Amino acid sequence: MADLRTNCAGIKSPNPFWLASAPPANSGGQIMRAFDAGWGGAVWKTLGTPIQNVSSRFGGLSYGGVRGVGFNNIELITDRPLEVNFREIYEVKKRFPDHAVVASLMVETEEEWRDIIMRSVDAGADGLELNFGCPHGMCERGMGSAVGQEPTVNERITSWAKRYSPVPVLVKLTPNVSDILPHGLAAQRGGADGVSLINTIKSIIGVDIERMVPVPRVEGLSTNGGYCGAAVKPIALHMLASLARSREFQLPISGIGGVSDWRDAVEFILLGSSSVQVCTAVMLKGYRIVEDMIEGLSDYMDRQGFKTVDEMVGRAVPQYSEWGNLNLNYETVAKISADKCIGCQLCVTACHDGAHQCIHPQEGSRVPRVDEAECVGCNLCQIVCPVEGCITMEEVPNGFSPATWNEHLSEGAALRPKKGAH
Amino acid sequence: MTTPYPTLNASAGAPARGEEGFEDYKRALNANQARVEANRCLYCSDAPCIAACPTEINIPEFIRKIATGNERGSAKTIFDSNILGQSCARVCPVEVLCVGSCVYNHMGVPPIQIGQLQRYATDRAHEEGWRFYEAGASTGRRVALVGAGPASLAAAHELRRAGHGCVLFERRPQVGGLNVTGVAPYKMKADVGAREAEWVLGIGGVEVRAGVSVGAGEDVSFEDLEREFDAVFLGFGLGADSRLEAEGAGVPGVWGAVEFIEAFKLSQVDLSGVREAVVVGGGNTAVDAVRELIGLGVPSVTMAYRRGEDRMSGYAHEWRAAKVEGARGAWGLSPLGFERDAAGALRGVRLAEVDAACAPTGTERVLEAQLALLAIGQSKLAGVLAGVEGLAVERGCVRVDAEGRAGRAGYFAGGDCANGGKEVVNAAAEGKRAARAIDAFLGAGGSLRAHNSRGATGAQG
Ligand SMILES: Cc1cc2nc3c(=O)[nH]c(=O)nc-3n(C[C@H](O)[C@H](O)[C@H](O)COP(=O)(O)OP(=O)(O)OC[C@H]3O[C@@H](n4cnc5c(N)ncnc54)[C@H](O)[C@@H]3O)c2cc1C
Ligand SMILES: Cc1cc2nc3c(=O)[nH]c(=O)nc-3n(C[C@H](O)[C@H](O)[C@H](O)COP(=O)(O)O)c2cc1C
Ligand code: SF4
């Protein structure tokens, strides 16, 4: 059986699954229940000067009848007294010495940072996470993403934290920037031991069209919130991989954003996360989802022959490249398995209206036919097909040797004739 | 290591079985169907389906694991609660258990096909040969299990996990109990039940003594068991079909329903010349028998019951299916005897019309039949316990407490012989529960052998 033990930036846990700093990690009682359920670590709900929250606070995005595909919130950091939080950190560590308890922190002045770091470490925190990410409320007060968007401020505060902290320091980055790399590098220059990403994305999740007020509604007004949940995974994966493949950026990463099951977690790890944090999926389905995450990861590792999580971290990163390095002469076409086809013809419509008009209905059969001479191999039909494994994209040899755009520009490598471009 | 013992499949050259022509009445889901259905599950908290399952399988969890593609984990979640999850998936009356309690029923939305999903996950495990459990380190203690039906199989598996030695005593040549000999073939055929039993015993360290009957005046007595074993689990189920005291019950063409079902499941019965059949009774065995006779090709099958249709004890969903298949019901009729023709062959069943209180109205009827099956209950077997001091028998059933402990220290029971005849899933639950009580009894130093050593009383248990 695979060994799931994890070491992320010097913070050790029995498995890579951590609760993200958010409501599921709001109190000691919750975190102990989560650890009992199998979670390997928890990043405590961000500590700072306790705030007052609004009601209501959350909004959900439904799509095609599925609720909570995306999620947003206008909640701030902890509203509980600091001494209560610290006492509970101490209690959790006493009961779970081998689990990771990370204190997420957000304050303003150097004095305040020093004070809250000392108290966190005294309480027994295994690491710190500097919350430079919250995109609503706190940033209006000069904290959260206001810090995360300014590399110089990020670097300065990180270096303060490093000065006062004997335990590893993670910097939690905001995705509300056009390029994540300068922000990761700022944390690295400040001396951070690792980064975590992503925090939530600035968003308005919807509008109450009868009252004409955005949601979540607080009396007659609303404000922009932070977007998260399954829908943000692609954005998170991109930011994660951007850091992981950079030669300059060398820190371990704790991946966050839209992780809902073991497959998502595997994807994060393959793109460079050494631990994986979860908030929304737990808010929607409970701590219990970790059982499947542990089993699924462990089975996957056994299947792939990975003995430790470390061996897996970043294994897909080298395969994340630039467009200019993709082989333009690689050619695929869609094949429809007549045995599996249920005759819904969703692919026909999708190809006709959204691609290259090369899937056609056939006389006397519901199974459509792919005109391979016209098929550009775009994947659209496979994406709309409801039957697993019915449409496959298969390579067709065309006699051209591999040639990328870069090679074409620099060496004049020959490109195959374009398909579907008439 | 598996213990060699006779199974159905092992008997090479065995004659074709009469049940082989039956098709599954609920078809297996393919991977697409399973995925789509699994994604429909709401993953309820404190789900009512779990509470409705006697073995308390964590249903939302196993279904979610199908949806995420964690099929191994899904199967394990099922087996963690119920090692007979594969047969239960097929034979459980899910309409009145898990599926009946799905919250979708309250939304007017078709409930999740829990049994079908359970079949999907457990069939995968059996096909792939996934095994999840190992025998515990040997404790040196030994337990005798009487009968090798679902109750004893579940108990033996749990006892092996705890490291106790197990010997199954089974009167029949094969293990599996009614899961092999009784279940309707459109739910599960004998070979599936037999293979599952083999898979369960694959945990190793269970000795099977097949063809050996236990009891007063049988091959092995309880005194013998008390000399050799530290504890005894009674899982011998129910006995032969009850017979009518009616005249002519011995005529050819008149069978007990369970006896008939066993005959056509394990071998063949000759139904040539049978145009009309009557099944006497109104319970689940009667309804199964009716559907089985229709499936075997009998043109006209009537169920004769002494009460009204609304008061039959068989499940309404099963009887509805039987009617769709062409079954007829004759209500308010109580059997009196059998009519034969000149050659001595069965010609009809003579019945008395009775009122709502089952009192005869004075009118008699004869239903023509060349085959009559009696499905009026099975006898109770607790008689084999005669002479075992302390064991209480109540209405033919072994009396047990909530943990499955019987009256005499070191004796435990579960399944049909204790509950009077319920379902496979109850037998599985009770067998496992009793195994835990046996483990506690043995762990506290209890042993049956204490009964036989001078001066010692039973045990702490
Ligand atoms: C016709 C029929 C159809 C059924 N259909 C269903 C169904 O669809 N779904 C469902 O859930 N349940 C069904 N049941 C009920 C279900 O089969 C039983 O509840 C279940 O098998 C009980 O398990 P058990 O282990 O207690 O007993 P059994 O399965 O009866 O096993 C007892 C075993 O003990 C052996 N034995 C008996 N006496 C002795 C002795 N003295 N010494 C040694 N061995 C002995 C027997 O040979 C038998 O193998 C059906 C029952 C019948 C009769
Ligand atoms: C209600 C809510 C409150 C949150 N509070 C915090 C917080 O206090 N500190 C913080 O660093 N991140 C906070 N987050 C962001 C999460 O930790 C996480 O980065 C983000 O939700 C993306 O992960 P997910 O898609 O798994 O939810 C919060 C998110 C939600 C939904
Ligand atoms: S989830 Fe709980 S706290 Fe939130 S609105 Fe509902 S009842 Fe209130």
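Trainee: How do the residues of the lining of the second largest cavity divide by class?

Mentor: Start with the classes: Ala, Val, Leu, Ile, Met, Phe, Trp, Tyr, Cys and Pro count as nonpolar, Asp, Glu, Lys and Arg as charged, and the others, Gly among them, as polar. In the second largest cavity, the lining divides into seven nonpolar, three polar and seven charged residues. Keep in mind that this is a predicted model, where local features need pLDDT of at least 70 and side-chain atom pairs count only at pLDDT 80 or more, while totals for chains, interfaces and linings use all residues. As for bookkeeping, residues are numbered from 1 along each chain as its sequence is written, chains are lettered from A and ligands numbered from 1 in the order in which they are written, and side-chain values use heavy atoms, with hydrogens and water left out.

Trainee: About how much space lies in the second largest cavity?

Mentor: First, the idea: on a 1 Å grid over the protein atoms alone, a cavity is a set of points where a 1.4 Å probe fits but cannot get out, whereas a pocket is an open set with protein on both sides within 12 Å along at least five of seven lines; lining residues have an atom within 4 Å of a point. Points are joined across faces, edges and corners, and the volume is the space filled by probe spheres set on them. Here the second largest cavity holds about 150 Å³. It is lined by 17 residues, and Y25(B), K26(B), A89(B), R90(B) and K187(B) are the closest to its centre.

Trainee: Which elements each supply at least two residues of that lining?

Mentor: Helices (H or I, at least four residues) and strands (E, at least two) are DSSP runs, numbered from the N terminus. For the second largest cavity they are helix 5 (85–91), helix 6 (114–128) and helix 13 (316–324) of chain B.

Trainee: And what volume has the largest cavity?

Mentor: About 400 Å³. Of its 35 lining residues, S21(A), A22(A), N73(A), N199(A) and T200(A) are the closest to the centre. Helix 9 of chain A gives the most to this lining, with three residues. By class there are 19 nonpolar, 13 polar and three charged residues. In total, the structure holds seven cavities of 30 Å³ or more.

Trainee: Which residues come nearest to ligand 2?

Mentor: A residue counts as near if one of its heavy atoms lies within 4 Å. Of the 24 residues around ligand 2, S21(A), T46(A), K172(A), G258(A) and T280(A) come nearest.

Trainee: How far is a nitrogen atom of ligand 2 from the side chain of K45(A)?

Mentor: A polar contact is a pair of N or O atoms within 3.5 Å; within protein, one must be able to donate a hydrogen and the other to accept it, and residues adjacent in sequence count only if both atoms are side-chain atoms. That nitrogen is 2.8 Å from an N or O atom in the side chain of K45(A). A polar side-chain atom of N131(A) lies 3.1 Å from a nitrogen of the ligand, and a backbone N or O atom of I198(A) lies 3.0 Å from one of its oxygens. Accessible areas come from the Shrake-Rupley method with a 1.4 Å probe, and for residues only the protein chains shown count as cover. Taken alone, ligand 2 exposes 600 Å², of which the protein buries 98%.

Trainee: Where does I198(A) lie?

Mentor: In the loop between strand 10 (194–197) and strand 11 (201–203) of chain A. The peptide bond from L197(A) to I198(A) is cis, with omega near 10°.

Trainee: Now ligand 1: why does it lie between the two domains of chain B?

Mentor: Domain bounds come from an automatic or database domain assignment. Domain 1 (142–171 + 211–239 + 380–454) and domain 2 (254–374) of chain B both give residues to the shell around ligand 1, so the ligand lies between them. The C-alpha centres of these two domains lie 35 Å apart. The shell has 33 residues, and V91(B), E170(B), R172(B), K187(B) and D416(B) come nearest. For polar contacts, a nitrogen of ligand 1 is 2.9 Å from a polar backbone atom of V214(B), and an oxygen is 3.0 Å from one of K422(B). Alone, ligand 1 exposes 1000 Å², and the protein buries 96% of that.
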